[in-house]
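Please open the model in your viewer and keep the selection panel at hand. The stops below can be followed in order.

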Amino acid sequence: MLLAWRVGGQEADTSDRDRAPGELLNAGRATVAPGYFMFPIAPGKPGFLAGSMGELRPNHFHGGLDIKTGGGVNQPVYAAADGYVSRLKQSSFGYGNVLYINHSNGLTTVYGHLNEFKGAFAAELLRRQYDKQSYELEAFFEKDRFPVKRGELVALSGNTGGSAGPHLHWEVRDAQDRQYNPLQWGGFPEIQDHVAPTLQAFALEPLSIEARVKNVFAKALFAPKVQPGPGVATTWADTISAFGTVGVLVQGFDRFDNAWNRNGIQRVAMTVNGQPFYQHNIDAIPFPTGTRQVGNFVDFLYQNTQGRTLQKLWVDDGNDLLMYATTSPTKGRLTVEAGKVYNVDITLADSYNNQTALHLVLRGEQPAYFKTRAAVVKKPALRFEVTRNLLKAVAADPSADSVGANLVLLRGNRRLEIKPSYTQNSETVYLYDLRAGLPDSIRFGTITKKFDRQVMIPAGKETNYATAKLNVMFGKETLFGNIYLGTSYKPEPIGSGFWTVGAPLIPLYHTATLTLKPTTPPADPARTAIYAATLKGGKAYLGGKWDEQGNITANIRQFASYRILTDTVAPKGSLIGRPGGQVLFRVGDDLSGLATYRLLVGGKFRMLRFEHKNSTLFSVPTDTLGARLKGPAELRLTDQAGNERVIPLSL
């Protein structure tokens, strides 16, 4: 019987997050007749995709199609169907220059990373930009003010915003901003695909404290020695022993005809002993929040430590995506019983229904909870990790009487002894459900280690955790599942010190609110902010708001280490060219980053575009409203901390 320690004055919640078993999750596909949308780039000619709908990117699902433009910009972009321009946006980040067209069927097509808009709406956007004296602007238009016809030229392709190379990002959305796969309505003749997906690997993972895969509590990866070709069916030759509740994961990719870049797999289905058990189809993703669910859809930890993107073939806690067409009452979790055999068949399919099959056999095998040591231990060792709600401790000791010894969990003056779960080679493994209470430290033989998590933060609840040095507020949708939070503060001889919050390998769904409590208030709060410490030693500006108590608060999207830094140095800039009579500036800021920029010629505003990828500001020849680029001028640059630099010019 587990001892239920009390955590923070309340008994730890040992229940799973509520969710109706057997819940049917289906996005409700929009019905679109084949051919309703025309291909927006070079229609009627062979086309190629750099990215497909639902590809698994590091922190989001890719929404829509990335259409190649031959490595260059300024390719004509055409309206995919009759409609009207409802929205335009020009930005240095994200979708860059982006155009939205509403159609009579209730759907909207989105055209991103554009270089230039074409049409009367482009002139209206320019007018509004000069009214606001800002390039960064979003404009909305009433119905039918700017109608467009199918095949009408509306823009030129580009490489603006967060684009990593020239292409057109093209989406289809509904009124709820769900992103749809344009290929699901019969595809396009411009995009040919007769190539089935390629299987790279699959894995099995224990999902409960009693579960085992190959007699141990650890994920087991199975990768063919020779990767099978596209569409080649794979039968895993060896029967795999398992027990308890386990989950299956797969890794693979897809390609289109005559293209070598790897794309995502659209649909994965699994049957167990011939019966449908699980299926997902990435044809609709809610935007923007649903796209971050990729951190829960894949094994985020394994992806960031082992470099393999494994898709979970079960609906994990906190996953509210609407792309699961069928699922078992256990939402894809498979319960393996001793003595039974399970034939598992998995099908990988793309948008054109090219398919690849995988067959494996599981045999239920009652785990051996304790085995004789198979190797000599030279020195004591103890390590541990937290997986889901479970503590897994692995210990070894050279003394003969340590074989079969219990692990001791300590909390204050209380102790709890944990019996071994099994011994693997020279090490003994212990499993403990942390929902029964968190220890302060872990002891095995002569070794005692501090347990570095202070509190369980439950998913689905507003929770506040505070220490003398910081405060973290979690919203109802901040977490995918329960987490075990560790925080620390490390002072610096000179500086604010480092606040570490959580583990970077735990993804967040929505933001948390972080408050840092410095020992000494800054001399210049207006120019002092929170910065995230990046993996390569850099500093990423977060900002923050100071309160009367001398604390600073900002929203965070990931767990990391944070510092409080003061930026007193203004941005820099210099004129580096006059291509075609225009102006080109190189700009930069060494800490908080560029916030605003203004070019005044003879005291009059002249609009510039900012390209963050190469840190340049430049004017464009199509600007018909701006001041002539001749005579005395000044460039005003302001960073996120409010430092301003005025650079005098003679044009």
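Helices (H or I, at least four residues) and strands (E, at least two) are DSSP runs, numbered from the N terminus. The model is predicted: local features need pLDDT of at least 70, side-chain atom pairs count only at pLDDT 80 or more, and totals for chains, interfaces and linings use all residues. Residues are numbered from 1 along each chain as its sequence is written, and side-chain values use heavy atoms, with hydrogens and water left out.

Select helix H3, residues 300–306, which contains Leu 301. Leu 301 has a relative accessible area of 44% and is partly exposed (buried means under 20%, exposed over 50%, partly exposed in between, with a 1.4 Å probe and protein chains only). From its C-alpha atom to that of Gln 640, 339 residues away along the chain, the separation is 33 Å.

Next, select the open sheet of four antiparallel-paired strands, in the order E50-E49-E53-E54; two strands pair if DSSP finds at least two bridges between them. E50 (604–606) and E54 (644–650) are the edge strands, each with a single partner, so one side of each has no neighbour in the sheet. Strand E49 (residues 594–601) is joined to E50 by three bridges, and Val 601 has Lys 604 in E50 as its bridge partner.

Now go to helix H1, residues 120–132, where Arg 128 and Glu 124 lie four residues, about one helical turn, apart. Their side chains form a salt bridge at 2.9 Å, N to O (a side-chain nitrogen of Lys or Arg within 4 Å of a carboxyl oxygen of Asp or Glu).
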